[in-house]
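Hi,

Here is the structure I promised to pass on to you. Have a look at it first, and then read on for what turned up.

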Amino acid sequence: MIQGPGRFEYYLVQLEELLNKASKTENPARFLYENDARTRLFMLEGLSKLYAGLHDKKRFNYALEYFKSLEDLIGKIDYYESFAKDFLNDAIMPTTIRLFVEAKRDENIKILNEILVKKRWIKNDTSRIKKIRKKLKSVKWKTPEKEAVLITEFYENEIEEINRFYKEINGEFTDIELQVHELRRDLRWLSIYPQALLGCIQFVDNGMETPEL
């Protein structure tokens, strides 16, 4: 039984439900942020990145682009909102700084609300999810056996890339902002893929003892 479509559909249904509810509110972007749409988008983004690395890169990159555009904006909203909440109760924080982060938060909320309508996620035309489903339906999915082999190879390659990057910098970070962000991002995806695959990857005891720190 082909399993790939079901993995996408599991999260698409959840995202679609949130989008339908969001479209009935005065501020859909705020609703999606407050109701953890970002996690669903992360899972769909992870699946798209993974399957683009396995086969049919064109179709999966199509889906990835749309999921990432929403996830990035919700991430920016969360970034400024976290500062806004911290600064609200900070008596020594200058008002100008607090107003700045609130303005940046509201700016990204406005952009997301516009994207949701322009890219047909909500309101009168909700065809984006339908188009993504249509793209996924046209994929020539691999058998579970072949897919398991490809996922293993993909995961091993991702780990090798991380190790290669770490060796290149010789374990020394000369650009904290760029290098730490890149390493953190790549490590984060290694944890997202198993979650997105809904149990496909299982942890087992390899018999090796955990070294003492």
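How many salt bridges does a search of the whole structure find? The search finds 19, where a salt bridge is a side-chain nitrogen of Lys or Arg within 4 Å of a carboxyl oxygen of Asp or Glu.

Before the details, a word on the basis: this is a predicted model, in which local features need pLDDT of at least 70 and side-chain atom pairs count only at pLDDT 80 or more, while totals for chains, interfaces and linings use all residues. Residues are numbered from 1 along each chain as its sequence is written, and side-chain values use heavy atoms, with hydrogens and water left out.

**Salt bridges**

In helix α1, E17 and K21 lie four residues apart, about one turn of the helix, and their side chains form a salt bridge at 3.3 Å, N to O. (Helices are DSSP runs of H or I with at least four residues, numbered from the N terminus.) E17 is partly exposed, with a relative accessible area of 43%, and K21 is partly exposed at 41%. For these words, buried means under 20% relative accessible area, exposed over 50%, and partly exposed in between (1.4 Å probe, protein chains only).

Helix α2 (residues 28-34) holds E34 and R30, also four residues apart. Their side chains meet in a salt bridge of 3.5 Å, N to O; E34 is exposed at 54%, whereas R30 is buried at 18%.

D36 pairs with R40, with the closest N and O atoms 3.9 Å apart. Salt bridges that share partners also join R30, E34, E81, R105 and D106 into one network.

**A buried arginine**

R128 sits in helix α6 (residues 127-137). The buried residues of α6, including I129 and I132, pack against α1 (4-22) and α4.

**Helix residues that meet**

Helices α3 and α4 meet through residues including L41, F42 and L44 in α3 and F60, L64 and F67 in α4.

Enjoy exploring the model!

Note on methods
Helices (H or I, at least four residues) and strands (E, at least two) are DSSP runs, numbered from the N terminus. Contact means heavy atoms within 4.5 Å.
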